[in-house]
Every structure is written in C-alpha cells, then in structure tokens.
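Here is a short tour of a few local features, written to be read with the coordinates open.

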Amino acid sequence: MRFKNITLTAFAACLLLANCQTPKPAAGSTETTASNVEAAPQLSEIDRKIEDMLSKMTLEEKVGQMAQITLDVVGKGENRFTSFEPFELDSVELRKALIEYKIGSILNTANNRARTPEQWYAIISQIQDMAMNQTRMKIPVIYGVDQIHGATYTAGGTMFPQQIGQAASRNRELVRRGAEITAYETRASSIPWNFSPVLDLGPDPRFSRQFETFGEDPYLISELGLEMIKGYEGEDNSIGHHEHVASCMKHFLGYQVPTSGKDRTPTYIPEEALREYHLPPFKAAIEAGSQTIMINSGIINGVPVHSNPDILTKLLKEELGFKGLVVTDWGDIEYLHTRDKVAPTMKDAIMLAINAGVDMSMIAYQYEPFCEGLIELVKEGKVKQERIDDAVRRILRVKHNLNLFEKPTTNPKDYPKFGSKEFEEAAYQMASESITLLKNEKDVLPLRKNMKVLVTGPNANSMRTLNGAWTYSWQGEKVEEFADKYNTIVEALQNEIGKANVNFVPGVSYKMDGFYYEEYADKMEQAVAAAKKADVIVLCLGENTSTETPGNINDIHMSDLQTELAKKMTQTGKPVILVLNEGRPRVISKFEQQMQAIVQIYQPGNFGGDALADVLVGDVNPSGKLPYNYPRYPNALVPYIHKPSAEQRKAEGVYNYEADYNPQYEFGHGLSYTTFKYENLTLKESIKMGEPIEVSIKVTNTGTREGKETVHLYTSDLYATGITPDVKRLRRFEKINLKPQESKTISFTLTADDLSYTNRDGKKVTEVGEFEVRIGDQMKKFTLLDADARVSK
C-alpha cells in the first residue's frame with residue numbers, strides 16, 4: 001500500500017493493524033520488577049514505591065487502576081446515567097466500583113451540572129475515604145474534569161474566554177495567568193486532574209470544537225499551549241503543589257480535521273502533514289513536562305487512533321519519549337466495536353486499544369466488561385503482563401506526583417481567593433484583549449456615550465452565548481442558572497451609557513430548550529421600527545452554544561433568520577455595528593459589505609459583555625488578532641497556511657488555471673483605534689546554516705491613543721525540493737504596548753530549524769536557498785548558505 005507519492009512508512013503501516021504485534025514498552029520506561037528493585041539504584045524514591053506497589057498488586061487491582069468511570073455511576077439514581085438531586089453517593093455502587101472492581105479513576109460531574117467547591121469536597125472526600133481506607137492497596141482515586149476555560153464545572157468559579165479567544169489575545173502572560181487561576185479553583189474543588197489544554201490544530205471552521213483550540217497555526221498553538229501547561233502544573237511541573245493540577249494534552253493526534261468537517265468522522269492525513277502541522281504543539285508540550293494525554297476519537301487513514309500502535313506507542317511513547325499517562329476519550333474503546341467496526345467483540349476492542357498503548361479507559365458507564373475482559377485477555381496471553389505493568393506504572397506515577405497518597409483531597413477553606421475580584425479582573429482583562437475589531441469604516445467606533453443605541457439579535461441578551469459550551473454543563477445550556485449576576489451585552493451597554501440610551505428588541509431568539517441551531521423570529525418588525533429611531537444599531541449575531549457531535553453543522557452560512565435580520569437592519573440606513581459572538585466563523589458575505597463596523601468577540605466568558613461595552617465606547621482599545629482565516633464563502637475554506645497553487649493568478653492561453661484565495665479576513669487581522677507604522681526591517685542578506693538569524697523591526701504608534709499591537713514575523717521558503725512550500729508561516733510573535741508617537745524596536749532570533757519542513761519520508765529538513773521574512777507591510781529576502789560557504793562582503 002502507498003499514499004499518493006509517499007512511500008509506505010511506519011505511520012502508514014497502521015493500515016496493517018490486524019497483523020500488528022503487542023507493542024514493546026515505551027523507550028525510557030522502567031520495566032523493573034520486585035525481584036530486581038535492589039539491583040536498580042538509579043530508581044527515584046517514587047519509582048521505588050511504585051515498583052514495590054506493583055509487586056504486591058493482583059492482576060484485578062492493576063486492571064482496576066486502568067478503568068475510569070463517570071460520577072453518575074456511583075450516585076443514587078434510577079440508573080447509571082442519571083442521579084437524584086441533591087446528589088448523593090450510593091455507598092453500594094461505590095463499594096462495588098472501588099472495592100469489588102478496584103476502579104482507579106472517576107471523572108465528570110453528575111447530571112451534567114456544576115457543583116460548588118463544598119459539594120465537590122464532600123463528594124470526593126467520601127470517594128477517597130473508601131479508596132484509602134477500605135481497599136487492600138489503599139490507592140487513591142484520581143479525579144478528572146474538563147475545566148477548559150476556567151473552572152467550568154465549579155459553581156462560582158471564574159470563567160475565561162474559550163481558548164480561541166485566548167489565542168486572539170496573543171498575550172502569553174494572560175494565558176498563563178488564566179491557567180493558574182483555573183488550577184487554583186480546580187484544586188479548591190478537590191479535583192487534581194484537568195482535561196486541558198486542547199492542542200489540536202483548528203483550521204476547519206466547520207468543525208464543532210474549533211472554539212476549544214488556539215486556532216490554525218502550529219506555532220501559535222505551541223506557544224500558548226506551553227503557557228497553559230505551565231499555568232496548570234507550575235514552572236517545574238510540581239503538580240503535587242496544592243494550587244497546581246495535572247494537565248492533559250488533547251486530542252492526540254489530528255482530531256479536528258475530519259474530511260466531512262463533522263465530529264468523530266474519518267480523515268486522511270499524510271505523514272508529512274501530520275508531523276508538519278499537527279504534531280509540533282504536542283511535541284512541545286511533552287518536552288515541557290505535561291503529565292497526561294487524551295487520544296483522538298476519530299479515524300485516520302482508515303484506522304481508529306485508539307487502536308493504532310504506530311501513533312500511540314511508536315510515535316508517542318517511543319519516538320517522543322512520553323512517560324506520562326495515556327487516557328482514552330469518552331467511551332472510545334467501546335466504540336471500536338460498536339461504531340468503528342474494527343473489533344467483532346468488546347473484548348477484541350479492549351485488546352486492540354491496550355496493545356496499541358492506551359493506559360486508562362474512560363469507560364464512562366459499563367465498567368464490568370472492560371475489567372473482566374482485560375483480566376481474561378491477560379490470562380489468555382493476548383495482552384502481556386508487561387503492557388499492564390507499564391500502564392499501571394504510568395498511572396501510579398501521576399498519582400504520586402499529585403501527592404494524592406499523602407493528601408487525597410484539598411479543602412475549599414484553604415482557597416480564599418476562589419471567585420475573587422482579583423481573579424475576575426484577570427478574566428475581564430483576557431476578554432478585553434481577545435476582542436478583535438475586523439472592520440471600522442469612517443471610524444464609526446468608538447461610540448459616543450450619549451448616542452441612542454438599538455441592541456438586537458439573538459446573542460444580545462444571553463450569558464449562555466457569551467460563555468459557550470463546557471460552562472456549568474456540557475453544552476452550556478445551564479449557564480443562565482449559574483451566571484445571572486454577570487452582564488449580558490445589553491446589560492453591559494446599559495451600564496456604560498445609561499438605560500435610557502439603550503433599547504433592546506431581540507429580532508431573533510434561540511429556542512433554548514431545543515437544538516443549538518433552532519431559532520425563531522422574535523419581534524423582528526418591532527426591531528426594524530426601533531432601529532429607525534436609533535442613532536446606531538449594535539447587531540449581535542452568531543451561534544447558540546454547542547460542542548462535539550451535537551454541534552455538527554450542515555451550512556456554514558449565518559442562519560437564514562439572522563441574515564434576514566441583518567439585511568433589514570442595513571435597510572434602515574442607520575450605521576450597523578455587527579458583533580459576532582460565535583464558536584466558529586459563520587459566513588457573513590451576504591451582508592458584510594453593508595456593515596459599518598464588525599467586532600469578533602468569540603465566546604469571551606462571563607465578563608465578555610463588560611469587555612465588549614468598554615471596547616464599543618472606547619474605554620478599551622481593541623487589540624485582538626484573528627487566530628484563523630475568516631472564510632468568505634462555504635466553498636472557500638482555505639487556511640492561511642496553504643500552498644502557492646491555492647492562490648495562483650490567471651494563466652495565459654486556452655486553459656484558465658486561476659485559483660481564488662479570498663478569505664473575508666485573514667489570520668492575524670485585527671484593527672485598533674490607533675495606527676501603527678512598521679519600518680527598518682533589518683537582517684543580513686546571507687546567513688550560514690547554524691548561525692542565528694537576527695531580525696529586528698521598528699514599530700511606531702502613529703495615532704493619538706495608546707494601544708497594543710501584536711508583531712507577527714512570517715517566513716516564506718521561496719523554493720523547496722520535493723514538497724511545494726507553504727506561502728508563509730508564523731515563526732515568532734510579540735505583543736507590545738505603545739503610547740501615542742512612541743516607538744519600539746523589536747528583535748527576534750530565528751534558527752535554521754525554524755525554516756525546516758517535513759519531507760515525504762516524515763523527516764525534518766532545512767535546505768539552503770532563498771527565503772523571505774515579512775513583518776507587517778515590510779519584507780526582506782535573505783539567502784541561507786551551507787555552513788562552510790564563503791560569504792561575499
């Protein structure tokens with residue numbers, strides 16, 4: 001078998017999965033047993049404890065450590081899928097899970113509902129009490145949740161913008177600070193493990209989870225991913241600290257680019273593309289010490305990733321040297337049998353996944369078949385004892401690193417800053433720096449504070465849409481119940497310029513008890529009448545909240561009703577400021593030209609309304625930059641990283657090979673209320689391989705307002721061998737603040753490795769030749785020479 005123009009590699013060989021043998025333990029992992037512990041003085045104290053514990057554990061106890069169930073399973077309720085409220089643990093079911101089946105991990109909340117820190121503490125204390133005092137080995141449970149944009153499952157916690165908005169901020173310091181606060185408030189909930197950050201490449205605007213990513217650029221994702229991991233785990237990965245949590249990189253690897261654009265559907269990714277675009281953020285995170293990783297639920301090149309040893313063992317554990325814990329996504333071993341049809345029985349699915357390199361199964365509900373099946377597989381010799389020991393060793397190491405054996409719970413009384421004004425200010429600051437001004441004709445913004453404003457649209461008066469999914473509940477449908485003390489866009493504008501100056505008529509509303517895409521006309525004609533009496537219209541459009549498969553989409557256009565409302569607003573002749581509050585860019589080209597200003601706020605969290613109001617009236621100067629290409633048409637979804645043929649000009653002769661690269665707004669775009677001038681781009685014309693590539697640029701604030709500007713450095717390889725080069729790639733960025741007429745010279749240092757690309761054999765190569773550097777509107781070429789080349793003066 002061959003990819004087109006690609007020789008079969010180890011990665012492509014995953015298609016021969018049926019013939020794959022049990023993978024060897026990861027390179028660098030310690031396969032010491034009780035019989036030779038004394039002969040291995042190189043072991044750390046924790047490793048010695050782990051090996052001693054492994055030597056005493058039964059097979060049943062080891063398998064139990066590899067199993068993870070959701071909280072509803074051990075809650076009092078009619079069945080395993082729901083629990084009664086108020087929530088109580090079912091001692092019989094808990095005993096069955098922890099003592100009879102030796103379960104080692106629990107995740108999620110009950111009834112898809114956030115809990116207070118005190119409730120979390122009570123629940124998890126009971127769980128740990130049974131695990132530590134009533135089981136033979138006294139191994140604590142590791143509890144995990146998805147706190148992906150703040151303490152999302154903790155009532156009263158601090159909500160930050162979703163990751164896509166954090167990427168727009170381009171502010172490394174704020175990203176790290178947000179993660180520190182999230183770690184603090186997660187530990188205040190007695191939870192030590194956070195399924196975050198999302199390090200997926202997010203280039204597809206059709207995908208339902210793009211908002212959970214840092215966007216479509218590998219370097220941007222890598223840089224901000226590192227900040228988030230350090231915020232969660234601490235600079236030295238000291239996850240045993242009572243204010244730190246274990247991070248969980250996800251979703252390894254190539255998750256968000258299915259061919260259909262729909263969640264958990266198949267894709268085909270050549271190895272060079274997988275390594276060039278998808279792998280770098282995970283590689284950087286592994287090198288930074290992230291302790292756990294979650295696996296892609298999809299199918300790559302015909303093989304479910306959860307059953308692919310070439311990705312999970314050869315690439316992740318051996319090549320990248322990952323020594324941490326590998327956990328599945330929700331129910332994904334079961335799906336190998338029920339959905340993906342690569343395993344004729346559940347037992348076969350378990351064998352495939354564990355042999356491929358999975359350490360812990362996020363079973364969710366039916367844990368008995370996994371535990372019983374895996375025990376049988378080991379006894380039958382179909383899963384080797386060494387593979388089990390490797391998995392359990394990794395699990396126990398994370399539990400030891402979290403200090404769970406010494407302190408299995410953390411008391412909310414020890415976290416006085418939980419939900420504090422200090423934390424809220426950080427969330428507001430991130431929201432304000434994420435807001436991206438896409439268009440501002442005739443300086444219609446900022447608004448005067450004495451203007452009569454009509455606010456309309458389905459996103460104008462909703463805390464749910466400001467936050468997005470994964471907020472107090474999975475799909476975000478419970479946000480209004482928990483977030484009523486915060487300000488919607490309407491309320492924030494009323495606070496800013498007075499209720500008498502702000503009129504609200506929805507025009508269109510979402511059916512909050514229906515699917516995310518269900519909406520209805522709501523006083524649309526009254527909105528039109530009100531618009532005629534206003535000085536300006538603030539039109540708040542976008543999406544209702546959704547994620548994963550429920551958020552799949554068939555039409556990327558802004559909905560018909562919202563498009564109708566937009567057109568009717570423009571027909572009034574009044575200036576329209578379009579506010580986009582959406583998890584992914586919905587196509588707006590049917591009415592974009594008629595908008596005087598466009599502001600993208602993504603999903604900015606509980607303080608998004610306040611931040612937007614401050615931007616609209618000019619109290620805050622916007623500084624966000626797009627983390628993706630905003631598409632103009634449904635069939636023009638070309639990301640900013642693309643090949644030259646994607647934007648070729650019209651050819652002469654009988655055949656017309658013109659290609660149209662026409663995003664509505666390009667990656668990196670974002671306006672300010674001031675102006676910036678770039679000049680004096682400096683670098684040497686010829687640079688030897690191995691020498692640092694020093695680049696500098698002068699940036700001046702030429703306007704009358706203080707403002708923040710993100711300086712992006714792009715490189716272009718003008719010619720490459722074998723694989724056509726990308727038009728341009730982001731290599732460095734820095735966000736700066738400039739007062740009016742102030743100038744700063746920004747310096748960057750590149751290496752030859754920054755100019756490399758992945759060839760058809762999956763290897764990184766850097767070639768000599770001509771390159772181009774672009775910063776702002778400045779461009780310079782330079783030549784990269786062999787290390788022993790003679791440079792003419």
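In which helix is the place of Lys 399? Lys 399 sits in helix H13. Please keep in mind that this is a predicted model.

## A buried lysine

Lys 399 is buried yet forms no salt bridge. The nearest side chain of opposite charge belongs to Glu 61, which is 12 Å away; a salt bridge would need the nitrogen and a carboxyl oxygen within 4 Å.

What the Lys 399 side chain does have is backbone oxygens: a polar atom of this side chain lies 2.9 Å from the oxygen of Gly 104, and a polar atom lies 2.7 Å from that of Pro 140. Leaving aside residues up to four places away in sequence, Lys 399 touches several others, among them Gln 65, Ile 139, Val 141 and Phe 405.

## A threonine in the loop

Helix H13 (385-401) is followed up here through the loop between H13 and helix H14 (421-434), where Thr 410 is found. Thr 410 has a relative accessible area of 2%, so it counts as buried.

The side chain of Thr 410 reaches the backbone oxygen of Arg 187 at 2.5 Å. Arg 187 is also one of the residues that Thr 410 touches, together with Tyr 121, Ala 188, Ser 190 and Tyr 415, not counting residues up to four places away in sequence.

## Strand E28 and its partners

Strand E28 (residues 778-785) pairs with strand E20 (residues 686-688) in the parallel sense, over three bridges. In this pairing, Lys 688 has Leu 785 as its bridge partner.

Strand E27 (residues 769-775) runs antiparallel to E28, joined by seven bridges, with Gly 769 opposite Leu 784. E27 and E28 form a hairpin with two residues between them, and Gly 776 in the turn has a positive phi of about 60°.

Terms used:
Residues are numbered from 1 along each chain as its sequence is written. This is a predicted model: local features need pLDDT of at least 70, side-chain atom pairs count only at pLDDT 80 or more; totals for chains, interfaces and linings use all residues. Side-chain values use heavy atoms; hydrogens and water are left out. Two strands pair if DSSP finds at least two bridges between them. Helices (H or I, at least four residues) and strands (E, at least two) are DSSP runs, numbered from the N terminus. Buried means under 20% relative accessible area, exposed over 50%, partly exposed in between (1.4 Å probe, protein chains only). A polar contact is a pair of N or O atoms within 3.5 Å; within protein, one must be able to donate a hydrogen and the other to accept it, and residues adjacent in sequence count only if both atoms are side-chain atoms. Contact means heavy atoms within 4.5 Å. Lys and Arg count as positive and Asp and Glu as negative; His and the chain ends are not counted.
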